[in-house]
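Hi everyone, thanks for coming.

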Amino acid sequence: MDGARGRRQPDGQPLATVRSISLLVENSPGVLAKIAGLIRRRGYNIHSLSVGVTDDRRVSRMLVVLEGDEQAEQVVKNLNKILEVRRVHDLTGCDTVERELALIKVSVTPGTRQEVLHVAQIFRARVVDVGEHTVVVEVSGKPDKIDALQALLRRHGIREMVRTGRVALARGSQTT
Amino acid sequence: MTITTSRTARRTADGGVARPRATRARADRPGGRLTGARQEVTRSGAELLVEALRQAGARVIFGIPGGASLPIYDALYDAKELQHVLVRHEQVAAHAAVGYARASGRVGVCMATSGPGATNLVTGLTDAHMDSVPVVAVTGQVPTAVIGRDAFQEADVIGITMPVTKHAYQVWDAADIPRVIAEAFYVAAAGRPGPVLVDVPRDVAQSRVVPRPVEDVAARYRPHREGNAAQIAAAAEALQAAQRPIIYAGGGVISAGASEELTRLVERTGIPITVTLMGKGAIDEHHPRCLGMLGMHGTAYANYAINEADLILAVGVRFDDRVTGRLQDFAPHARFIHIDIDPAEIGKNKPAHIPIVGDAKLVLAALVERITSPPQIEPWLRQIEEWRQRYPLRYRQGDEVIKPQFVCETLARLTGERAIVVTDVGQHQMWAAQFYRCREPRTFISSGGLGAMGFGFPAAMGAQMACPQRTVVALVGDGGFQMTLQDLITAVEWRLPVKVVIINNGSLGMVRQWQQLFYRRRYSHVMLQNPDFARLAQVFGAAGRTVRRPDEVEEAVEWALRVQDLPVVLDVLVDPEENCLPMIPSGQSVKEMILE
């Protein structure tokens with residue numbers, strides 16, 4: 001996922017629209033490569049990706065977040081043609097529950113530790129590891145909430161971090 | 001014989017869960033007894049493969065054996081009902097399978113060993129992918145125990161072919177083979193056809209198993225075939241109200257077997273029709289409403305008509321850039337009805353005002369039913385007729401130098417346009433498209449989307465294997481023919497009376513034409529020093545003749561058509577400077593069309 005290349009806006013900026021595509025796929029080798037390849041071939045960058053098995057262990061749920069444009073609908077149609085793909089839904093603009101989880105390892109000193117813990121508490125983030133020079137906080141929520149926490153912790157020094165990528169489900173009785 | 005591996009939880013690449021190998025091993029231990037269980041007959045993966053190919057309707061396989069496919073070939077040794085054509089290069093196997101499929105409408109089959117064998121198939125598979133041709137490729141693979149370890153002749157053929165196949169299977173359990181093959185044939189042919197690859201590791205082919213029964217092969221893939229009735233009604237309405245309508249038909253009509261329905265629609269509505277390169281033969285091109293091919297080298301009148309149209313019924317086409325030129329200038333006044341079995345084609349290049357996803361045969365039949373009063377389009381037809389009179393396809397045949405168009409016309413005349421013409425890629429391909437007006441579907445076979453030089457002659461062999469009774473002409477250039485001509489010997493061996501007609505202009509003509517027109521005649525590496533093709537043919541055991549003068553052409557073609565039991569090579573030396581016109585330069589519009 002080379003951000004330096006691929007489809008861009010005319011001014012060279014990354015594509016503006018972000019599209020969340022939910023897929024139910026067969027849980028088998030090569031499916032991820034196929035989906036990634038299909039997106040890559042059309043020059044789109046994958047913004048985030050999450051995969052996990054569903055209650056039926058033969059089936060996995062994927063959520064692909066793309067930097068898209070109006071042509072990205074073609075991607076959805078072509079994803080539908082992959083035999084192992086059972087269902088595809090473009091969740092963009094749908095009423096969904098969206099969550100993401102992040103682990104953030106922050107540098108602390110005796111003087112800053114309290115402030116970091118306090119910020120974590122405000123965000124209802126859990127502290128899952130406390131070391132002499134670092135703490136690791138676990139936060140989940142909407143992606144923008146994680147962005148916000150990340151921004152606040154940045155001045156303390158984020159040593160390393162990981163985000164799971166977005167997961168999403170449609171609200172109510174609608175299934176995707 | 002049994003190979004057991006510790007990786008018992010492996011799955012087949014397409015998602016089937018492989019059974020633990022230990023269970024199977026018990027059943028095929030020599031003299032093994034299954035206490036309390038019914039003794040089941042075990043068969044090798046290779047035997048199951050060959051049996052499944054036969055059951056799926058395969059009759060001819062084009063291929064070359066190798067180390068990893070030894071077990072498969074051992075099983076083929078006994079399969080007398082399957083004809084295996086031993087070609088001399090796997091690229092030929094894939095192109096021949098395409099030619100076979102396109103001439104017959106059946107699934108073409110090719111076979112190669114692992115590694116280099118499989119990679120040599122890639123060009124042919126890509127061609128099949130671009131032109132939506134149903135082909136099943138079976139490749140050998142190194143044993144499962146060494147997959148991923150850079151074994152001798154190992155190539156990740158699944159990875160390599162992923163973007164150019166409709167689906168690819170790697171079989172990890174021989175018991176899956178009957179299902180995989182049945183499903184592969186179904187997937188290749190159903191919906192929008194395409195190539196499917198089945199990769200069979202050597203140990204899987206060798207292992208003995210009790211096959212699993214084949215269940216519903218369509219379980220995972222059910223293309224939508226019926227068009228939406230309301231959309232069809234809307235399309236009928238639009239067609240009846242149009243003032244300058246035109247039908248733009250492509251290869252999808254031929255795949256769907258919808259020529260009859262298409263012709264009925266043209267006759268019921270009186271609407272003029274133009275075809276793509278892939279759509280040649282979708283309607284009799286002698287039909288008074290047919291304007292021939294459109295696009296870069298299409299007829300001027302077809303391109304003018306498309307440009308002025310107010311309604312375009314696009315069926316089985318994909319708005320390829322060789323048809324549309326600059327997209328925003330293509331048919332600027334038109335609304336589009338777009339019929340295609342592949343939903344991903346709708347709106348890909350041009351937005352469709354009335355999209356109809358479905359099988360062309362069903363949709364066109366339903367559409368014809370809906371037409372109650374044909375549109376009033378006399379002024380439009382008069383306008384088109386005027387263009388047709390003013391801008392016909394033309395060339396001047398003198399007494400000295402043979403014009404390539406004259407060769408195509410002579411072929412057309414002497415075969416009554418009832419032959420199967422298979423072309424290679426380049427100028428001759430476009431001249432053939434212009435001057436050989438097909439009467440029926442599946443009689444014009446060409447590498448349309450991929451434009452793969454070297455395609456023509458092998459595909460003609462495939463077509464001849466599919467249709468032994470028909471005259472098959474391979475119309476090729478001197479450049480492209482040299483990419484696959486080694487297989488003349490295969491055609492001799494099988495006594496295939498393919499007529500190879502070389503439009504020999506001593507250069508890579510289409511590239512030369514572009515260099516002339518757009519690169520100030522800087523002829524960079526396009527001039528060919530050629531062998532004496534007629535003598536070369538004779539060395540292979542084929543018949544060969546060189547044609548140098550215009551007055552020899554007719555007699556030579558007649559002679560070639562008479563040869564019944566051997567391939568014939570007619571080396572026709574044509575005007576080296578002739579250009580293929582009209583031409584809409586790449587990325588431009590009908591306004592920039594070069595007429596002469």
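**A walk through chains A and B**

Let's start with one pair: Ser48(A) stands opposite Val65(A), which is in S3(A). Before I go on, a word on what you're looking at. This is a predicted model, where local features need pLDDT of at least 70 and side-chain atom pairs count only at pLDDT 80 or more, while totals for chains, interfaces and linings use all residues. Residues are numbered from 1 along each chain as its sequence is written, and chains are lettered from A and ligands numbered from 1 in the order in which they are written.

When I say helix or strand, I mean DSSP runs numbered from the N terminus: helices are H or I with at least four residues, strands are E with at least two. And two strands pair if DSSP finds at least two bridges between them.

Back to that pair. Strand S3 (residues 59-68) of chain A is joined to S2(A) by 8 bridges, and the two run antiparallel. They belong to an open sheet of 4 strands in chain A, in the order S2-S3-S1-S4, with antiparallel pairing. Which strands stand at the edges? Those are strand S2 (45-53) and strand S4 (85-90) of chain A; each has a single partner strand, so one side of each is left without a neighbour in the sheet. On average, neighbouring strands here are turned by 15° against each other, direction ignored.

Now the helices. H1(A) lies across strand S1 (17-26), S2 and S3 of chain A, and runs at about 160° to S2(A). H2(A) packs on the sheet too, touching S1, S3 and S4 of chain A, and its direction makes about 160° with that of S4(A). For those angles, axes are lines fitted to C-alpha atoms, for helices over the stretch in contact, and angles run from 0 to 180 degrees between N-to-C directions. Contact means that the C-beta atoms of two residues, placed from the backbone, lie within 7 Å.

Zooming out, chain A has 4 helices and 9 strands, and along the sequence the pattern goes β-α-β-β-α-β-β-α-β-β-α-β-β. Of its 176 residues, 31% are buried, meaning 20 or more other C-beta atoms lie within 10 Å of the residue's own; 12 or fewer is exposed, and in between is partly exposed, with C-beta atoms placed from the backbone.

So how do the chains meet? 14 residues of chain A are in contact with 14 residues of chain B. On the chain A side, helix H1 (31-41) and helix H2 (72-79) each supply at least two residues, and the largest share, 4 residues, comes from H1(A).

Over to chain B. Its domain assignment, automatic or from a database, gives domain 1 (21-209), domain 2 (229-390) and domain 3 (404-573). The centres of domain 1 and domain 2 of chain B, taken over C-alpha atoms, are separated by 39 Å. Their contact takes 5 residues from each of these two domains.

You'll find Arg470(B) in the loop between helix H19 (456-466) and strand S17 (472-477) of chain B. Leaving aside neighbours within four places in sequence, Arg470(B) is in contact with Ala419(B) and Ile420(B). Arg470(B) and Ile420(B) are 50 residues apart in sequence, yet 7.2 Å apart in space, C-alpha to C-alpha.
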